[in-house]
Amino acid sequence: MKELSSIDSDNTNNKNDNGAQNDKLLIKKLNKEIAEKNNEISQLKNKLTDSNERIHDIILEKGSLKKQINNFELKELDIQFGKFEELKNDYNKLEHRLKITKEQLDKTRLKIVFYTKVIEDLENRGFIDYLRNKFPESFINYKKKI
């Protein structure tokens with residue numbers, strides 16, 4: 001029986017040794033997996049940090065581009081306002097020129113009407129008025145204006 005118990009104890013020791021070795025192998029395997037996962041986590045953290053930095057840079061660039069766009073829009077509005085002011089000045093000059101030209105045309109029209117009246121009165125002067133050297137009133141006014 002001693003032999004049996006020694007074989008049993010040998011088997012038990014063998015099983016314990018195999019179990020311990022299996023446990024050690026499992027622990028090594030799990031430690032290796034943990035190291036790989038930690039390595040993956042580190043890589044992902046690095047990628048996340050890089051991505052966050054790129055996002056931050058892009059946000060800053062976007063802000064800068066927005067400012068540039070606003071500046072260009074303001075310059076464009078400034079140019080359009082300048083053109084508007086120029087057109088407004090041109091319009092005012094033309095309006096003034098039109099007013100002056102109209103006044104000159106009105107004065108000239110009045111002169112033409114007056115001269116026409118003088119000419120008609122001179123043409124319609126009678127022979128007796130011609131002999132008496134009597135001139136129409138419109139002609140007298142004409143001579144006074146000259």
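1. Aromatic cluster. F114, Y115, F135, F139 and Y142 make up one aromatic cluster in this predicted model. Across the whole structure, a search gives five aromatic pairs. Rings of Phe, Tyr and Trp (its six-membered ring) pair if their centres lie within 6.5 Å; planes under 30 degrees apart are stacked, over 60 edge-to-face, the rest tilted.

2. Y115 and Y142. These two rings are edge-to-face, because their centres are 5.7 Å apart and their planes stand at 85°. Y115 belongs to helix α1 (residues 2-123) and Y142 to helix α3, so the pair ties together parts 27 residues apart in sequence. Helices are DSSP runs (H or I, at least four residues), numbered from the N terminus.

3. Exposure of the pair. Y115 is partly exposed, at 37% relative accessibility. Y142 is also partly exposed, with a relative accessible area of 25%. Buried means under 20%, exposed over 50%, partly exposed in between (1.4 Å probe, protein chains only).

4. Charge over a ring. K145 lies over the face of F114, 4.3 Å from the ring centre. The criterion is NZ of Lys or CZ of Arg within 6 Å of the ring centre and within 35 degrees of the ring normal.

5. I140. This residue sits in helix α3 (residues 137-145). I140 counts as partly exposed because its relative accessibility is 35%.

6. Basis. Numbering starts from 1 along each chain as its sequence is written, and side-chain values use heavy atoms, without hydrogens or water. Local features need pLDDT of at least 70 and side-chain atom pairs count only at pLDDT 80 or more, while totals for chains, interfaces and linings use all residues.

How values were computed: Helices (H or I, at least four residues) and strands (E, at least two) are DSSP runs, numbered from the N terminus.
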